[in-house]
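User: I have a model open and want to learn how to read it. Please take me through it feature by feature.

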Amino acid sequence: MKRGRNNMEDYELSDEEWAPAEDSFKPSRVLKIIPPKPPIQSYAYTKPPSIIQNNTNTNNINNMSNSHPVQIDISSSSENLEDDDVEVTTSTLSGAATSSRARRFVIEDDDEEEDDGNEIIDVKSNEYNDEVEDIEFQDEDDDDDVEERDVVRKALHKCGKISTELKMELYGTTAAACHRYSQVVEASTSSMRIVTQDDITEAYGEADSNFKPELKPYQLVGVNFLLLLYRKKIGGAILADEMGLGKTIQAITYLILLKNLNDDPGPHLIVCPASVLENWERELRKWCPSFTVLQYHGANRSAYIKELSSFGKAGMPPPFNVILVCYSLFERHSAQQKDDRKVLRYWRWSCVLMDEAHALKDKSSYRWKNLMSVARNAKQRLMLTGTPLQNDLQELWSMLEFMMPDLFETGDIDLKKFLNSEDKDLIAQMKSIIGPFILRRLKLDVMQQLVPKIQTVEYVQMDTEQDAAYNEAIQNYRAASQARLSKTSEINLNNIAAVMPRRQISNYFLEFRKIANHPLLVRRLYTDNDVLRYAKVMHPRGVFGFECTLERVIEELKSYNDYSIHKLLLFHGDDGTDDVLSDDHVFVSAKCRALAKLLPMLKNTGHRVLIFSQWTSMLDILEWALDVIGVTYRRLDGSTQVTERQNIVDTFNKDPTIFACLLSTRAGGQGLNLTGADTVIIHDMDFNPQIDRQAEDRCHRIGQTKPVTVYRLVTKNTVDENVYEIAKRKLTLDAAILETGEEVVGGGDMPDKTMAQILSSLLLV
Ligand SMILES: Nc1ncnc2c1ncn2[C@@H]1O[C@H](COP(=O)(O)OP(=O)(O)OP(=O)(O)O)[C@@H](O)[C@H]1O
């Protein structure tokens with residue numbers, strides 16, 4: 001073992017948690033328009049007053065030598081609108097995205113009786129074939145381009161016509177009235193009022209409930225919006241209110257009203273992330289006890305599948321009003337999941353409701369296609385999301401296509417070519433067109449009484465050891481790049497992507513990110529010789545199973561990081577392998593040292609904290625840090641049993657003696673109500689700022705009584721700073737298309753630092 005301070009392997013991550021970040025930490029394999037503003041917009045166009053306040057309060061980390069709190073101004077539009085999504089960039093640079101031709105295969109389900117039950121899998125050609133095809137079809141490509149652009153243009157045109165008609169229907173012809181409506185927060189002032197609070201109370205009364213829910217005025221507007229689209233036979237809608245404004249309650253009330261006013265008791269299909277399944281069931285039972293609700297997940301599935309199949313085969317209506325399922329049911333191709341989906345295709349759904357619907361941002365995903373095969377015939381596809389625009393216009397289009405496939409269907413064409421996030425005309429046009437189908441309200445527009453949210457960035461400085469680890473990694477990368485550059489005539493330090501494969505670029509980038517977060521996330525302290533020694537001890541003891549060869553064990557251990565090996569030694573290392581690390585190793589990271597100062601201070605001043613990380617391996621280290629710091633906590637990530645998640649949420653909210661909750665950003669960042677906390681720490685930021693926004697709003701929502709402070713930890717002089725810059729730029733795009741409605745200024749200020757470009761810049765230093 002290398003000299004240094006003595007001291008994870010990632011536990012198996014759930015697919016749900018890691019699907020969007022497959023390039024990230026690997027789990028162990030063995031261990032387991034702004035030309036004239038559109039007259040009507042159904043979402044708020046007002047620029048939100050800044051919710052950011054100066055962080056001059058005493059809550060800042062005292063005596064933190066290198067901390068320079070900086071305010072993030074989310075509403076700021078001084079940055080450009082470039083889309084820097086890593087995937088986009090790398091594929092563009094490699095040329096793979098433009099040249100790849102997806103081949104479509106239709107794989108039939110086992111169900112011989114049903115044609116519409118086919119599931120679609122896209123198999124991308126490999127890189128070599130792509131190149132060949134590109135050369136062969138180059139001429140055609142030009143024609144293809146024109147034809148494909150036409151498909152997009154026609155879709156927008158078709159939608160524009162319906163949109164105009166709908167605007168007339170919805171808001172009348174006078175622009176003045178329309179303009180007022182765009183800011184309507186009270187249903188009583190709206191020309192499109194269908195129901196009032198009294199109607200709702202009556203509906204709930206008929207539902208024989210003792211519970212008499214009172215909707216907030218803007219929620220009443222939301223319910224009327226949904227009813228109106230239903231009456232106009234519009235097949236889809238997006239309710240995109242900011243997180244925590246009660247989309248769930250609006251959707252449930254809408255379903256009750258469909259039953260009471262339109263004699264439509266369903267069946268409805270509700271699809272949501274695993275973490276909020278229990279919450280949905282609870283809210284449905286509380287708000288509409290007259291509905292029969294079936295949770296179709298986990299062990300419950302096998303108990304219900306036979307009965308449901310027999311209902312379906314007999315052509316009978318289903319024995320429920322609402323069935324609740326998880327997105328994961330549409331993600332895999334196991335026999336069980338195919339059977340599950342087959343059952344869901346027996347009935348024509350009235351409403352297919354998708355919570356956290358940004359999950360459908362990728363139309364080439366199994367999830368999108370398989371869910372579409374179930375939802376296509378529904379009367380309505382209703383999408384709930386607090387963050388409708390995640391990365392780019394293409395993703396927004398994927399959602400629009402899901403919502404109204406007949407209008408937005410574009411087949412297999414590569415939308416990336418035509419949906420340029422910097423095309424302001426296009427953004428304006430899309431905004432105008434989609435206006436009547438999306439209702440979005442911001443917290444500050446509708447809930448002046450909501451507590452403030454204070455944003456703080458804490459820049460932390462690496463110490464010698466972490467700095468050495470980071471520089472070592474940079475030097476290795478530079479040496480590898482120089483070796484590649486020397487073999488090619490392409491000497492362009494500004495474009496490392498020309499000489500380095502995409503995968504390798506992302507591996508290097510990931511390694512830098514890991515070290516910037518915690519050096520124990522790479523293997524550096526434990527040498528190859530150590531690994532060999534441990535393998536020889538562990539192999540005969542069957543630690544990895546008795547069928548595993550010594551070579552395989554060595555290979556496996558070599559892929560472990562320092563923390564994983566430390567942990568393995570803790571469990572199994574009593575035979576001369578007592579090289580476990582000491583507690584002070586946990587504070588080798590600048591972020592953990594910052595937490596050691598921040599957390600006790602927060603605790604002593606009566607605050608409670610949510611700590612988010614993207615990686616379960618980092619959460620493991622954070623658990624260690626919290627144990628050493630001596631604070632109580634709970635943890636929720638993708639590996640937490642679905643049935644256990646709501647318990648953790650309830651316990652944390654009810655028990656003030658639990659100081660912190662550690663959450664993985666993917667599994668714990670969406671849908672949960674964690675108003676027991678008033679402080680959020682984003683340990684490591686996501687490239688996609690919406691993911692972090694979702695996380696922040698777990699406690700900044702209805703029910704929160706204290707001001708909420710959000711800390712973002714950024715390690716100075718590392719790629720962490722680049723990730724933060726990229727995230728800020730993406731927020732600007734979101735503001736441009738969905739919220740402020742203002743033109744984005746200063747478009748060229750920020751250099752286009754993509755992942756490859758960031759790495760290129762590291763060569764130039
Ligand atoms: N009219 C209301 N009366 C009482 N409680 C309400 C009302 N509307 C919402 N709530 C409560 O506010 C909290 C937030 O609501 P909900 O979870 O539906 O928000 P959301 O918009 O779906 O958030 P997210 O986008 O984060 O999922 C919940 O606890 C909910 O019960």
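Predicted model: local features only at pLDDT ≥ 70, side-chain atom pairs only at ≥ 80, totals over all residues.

User: Is aspartate 263 buried or exposed?

Analyst: Start with the cut-offs. A residue is buried if 20 or more other C-beta atoms lie within 10 Å of its own, exposed if 12 or fewer, and partly exposed in between; C-beta atoms are placed from the backbone. Aspartate 263 has 7 other C-beta atoms within 10 Å, so it is exposed. Across the protein, 48% of the 765 residues are buried.

User: Which other residue has a positive phi although it is not a glycine?

Analyst: Asparagine 717, with phi of about 60°. Look in the loop between E15 and helix H28 (719-739). Asparagine 717 is exposed because it has 12 other C-beta atoms within 10 Å.

User: Back to H9. How many of its residues are buried?

Analyst: The general idea first. An α-helix has 3.6 residues a turn, so residues three or four places apart point the same way. In H9, 13 of the 16 residues are buried, so the helix is largely enclosed by the rest of the structure. From first C-alpha to last, H9 reaches 21 Å, close to the 22 Å expected at 1.5 Å a residue. That expected span is 1.5 Å times one less than the number of residues.

User: What does H9 give to the shell around the ligand?

Analyst: Three residues, the most of any contributor; H9 covers residues 247-262. The shell holds 19 residues, with Met243, Gly246, Thr248, Gly386 and Ile702 nearest to the ligand. A residue is near a molecule if its C-beta atom, placed from the backbone, lies within 6 Å of it. By class, the shell has five nonpolar, eight polar and six charged residues. Here Ala, Val, Leu, Ile, Met, Phe, Trp, Tyr, Cys and Pro count as nonpolar, Asp, Glu, Lys and Arg as charged, and the others, Gly among them, as polar.

User: What is the strand order in the seven-stranded sheet?

Analyst: Strands of a sheet pair through backbone hydrogen bonds, either parallel or antiparallel. Two strands pair if DSSP finds at least two bridges between them. The order is E5-E6-E4-E7-E8-E3-E9, in an open sheet with parallel pairing. E5 and E9 are at the edges with a single partner strand each, so one side of each has no neighbour in the sheet.

User: What does E3 pair with?

Analyst: Four bridges join E3 to strand E8 (residues 380-384), and two bridges join E3 to strand E9 (residues 438-439). Isoleucine 238 has methionine 383 as its bridge partner in E8 and isoleucine 438 in E9. Along E3, Gly236 and Ile238 point one way, Ala237 and Leu239 the other, and all are buried.

User: Which strands make up the six-stranded sheet, and in what order?

Analyst: E10-E15-E14-E11-E13-E12, an open sheet with parallel pairing. E10 (453-460) and E12 (633-636) are at the edges, each with a single partner strand, so one side of each is left without a neighbour. The twist averages 20° from one strand to the next. E10 pairs with E15 (residues 708-715) over eight bridges. Valine 457 stands opposite arginine 712 in E15.

User: Where does helix H24 lie relative to these strands?

Analyst: Angles run from 0 to 180 degrees between N-to-C directions; axes are lines fitted to C-alpha atoms, for helices over the stretch in contact. In contact means that the C-beta atoms of two residues, placed from the backbone, lie within 7 Å. H24 (residues 616-629) lies across E11, E12 and E13, and runs at about 165° to E13.

Methods
Residues numbered from 1 in each chain as written.
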